[in-house]
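Here is a model to look through, with questions about what its labels rest on. Each reply gives the grounds for the label.

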Amino acid sequence: MKYIFDYLVFIGRFQPFHLAHLQTIKIALEQSQNVVLALGSAQYERNIKNPFLATEREEMILSNFSEVDQQRIKFVHVIDVYNDEKWQKLVKSLVAEVVEDGAKVGLIGHFKDHSSYYLKFFPEWKMVELDSLAGSISATPVREAYFRGEIQLEAFPQGTIEFLRDFQLSDIYKQLQHKYMTQDKTNLN
C-alpha cells in the first residue's frame with residue numbers, strides 16, 4: 001500500500017481516549033505508514049483534568065488496535081511548559097527523535113475551538129484537517145461523568161471501557177473522584 005505520509009502526528013491529551021480519537025487515528029493509519037501520538041500533559045502528576053499518566057494512556061490507546069496497527073503507533077510524551085514557543089520546539093524535537101531523517105511528516109487534527117490554535121505551530125508539516133468526528137465528543141464531559149461514577153459507553157471504544165472500569169477499582173480513582181466531588185468545577189477543561 002502506498003501512503004501519503006511516512007508519519008502523521010496527532011497531538012492530544014487523550015484524557016480519556018474516546019471514539020473521535022479512535023476515528024482520527026484510523027484515518028491517519030489509512031494515510032500514513034506510522035502515526036506519532038504526542039501525549040500532552042505528560043508530567044508525573046495526576047489531577048481531575050489529567051487523571052491518567054502517559055504510560056497509562058499508551059496502554060488505553062493501544063488496547064483498541066490490532067497488533068499490526070499497534071506496531072505503527074509511536075508515542076512521545078510532551079510535558080506542559082506553558083510557553084508556546086518552548087512547547088512547539090519540544091514537540092518538534094520529540095517527534096524528530098522517532099522519525100527518520102527525510103521522512104515525510106504531516107499533522108492531523110481538527111480545529112475544534114480556540115484551544116486548537118497550536119495546530120498552526122507546525123507549518124513545515126502538511127496539515128490533514130478533519131471535520132468534527134463522532135458527534136463532536138469532548139473529553140471534558142465524559143471525564144466529568146466518569147468521576148461521577150458513570151462510563152458513557154457510547155463515547156468510548158471497547159479497550160478504553162475496560163481500562164476505565166479497571167481504573168475505577170483503584171485507590172487513585174477514588175482519590176481523584178473525591179477531589180472532583182469536593183472542588184470548584186469551573187475550570188476542568
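Q: In this predicted model, which residues of α2 are called buried?
A: Ala54, Glu56, Arg57, Met60 and Ile61 are the buried residues of α2. The label calls for under 20% relative accessible area.

Q: What makes these residues lie on the same side of α2 or on opposite sides?
A: They cover an arc of only 155° around the axis, so they are on the same side of α2. An α-helix has 3.6 residues a turn, so residues three or four places apart point the same way.

Q: What covers the buried residues of α2?
A: The cover includes α1, β2, β3 and α6.

Q: Why is α5 described as largely enclosed?
A: Seven of its nine residues are buried, so the rest of the structure largely encloses α5. The seven are Ala139, Thr140, Val142, Arg143, Ala145, Tyr146 and Phe147. These buried residues pack against α6 and α7. Just after α5, Gly149 has a positive phi of about 100°.

Q: Which members of the largest nonpolar core touch the most other members?
A: Phe17, Ile25, Leu37, Ile61, Phe65 and Tyr146 do, in a core of 39 residues. Elements giving two or more residues to this core include β1, α2 and α5. The largest share, five residues, comes from α1.

Q: What is Ile25 in contact with, leaving aside its neighbours within four places in sequence?
A: Ile25 has heavy atoms within 4.5 Å of Phe10, Phe17, Val35, Leu37, Ile61, Phe65 and Ile73. Another core, of 19 residues, lies apart from the largest one and includes Trp87, Val91, Val95 and Val99.

Notes
Residues are numbered from 1 along each chain as its sequence is written. This is a predicted model: local features need pLDDT of at least 70, side-chain atom pairs count only at pLDDT 80 or more; totals for chains, interfaces and linings use all residues. Side-chain values use heavy atoms; hydrogens and water are left out. A nonpolar core is a set of buried Ala, Val, Leu, Ile, Met, Phe, Trp, Tyr and Cys residues joined through side-chain atoms within 4.5 Å. Buried means under 20% relative accessible area, exposed over 50%, partly exposed in between (1.4 Å probe, protein chains only). Helices (H or I, at least four residues) and strands (E, at least two) are DSSP runs, numbered from the N terminus. The arc is that of the directions from the helix axis to the C-beta atoms.
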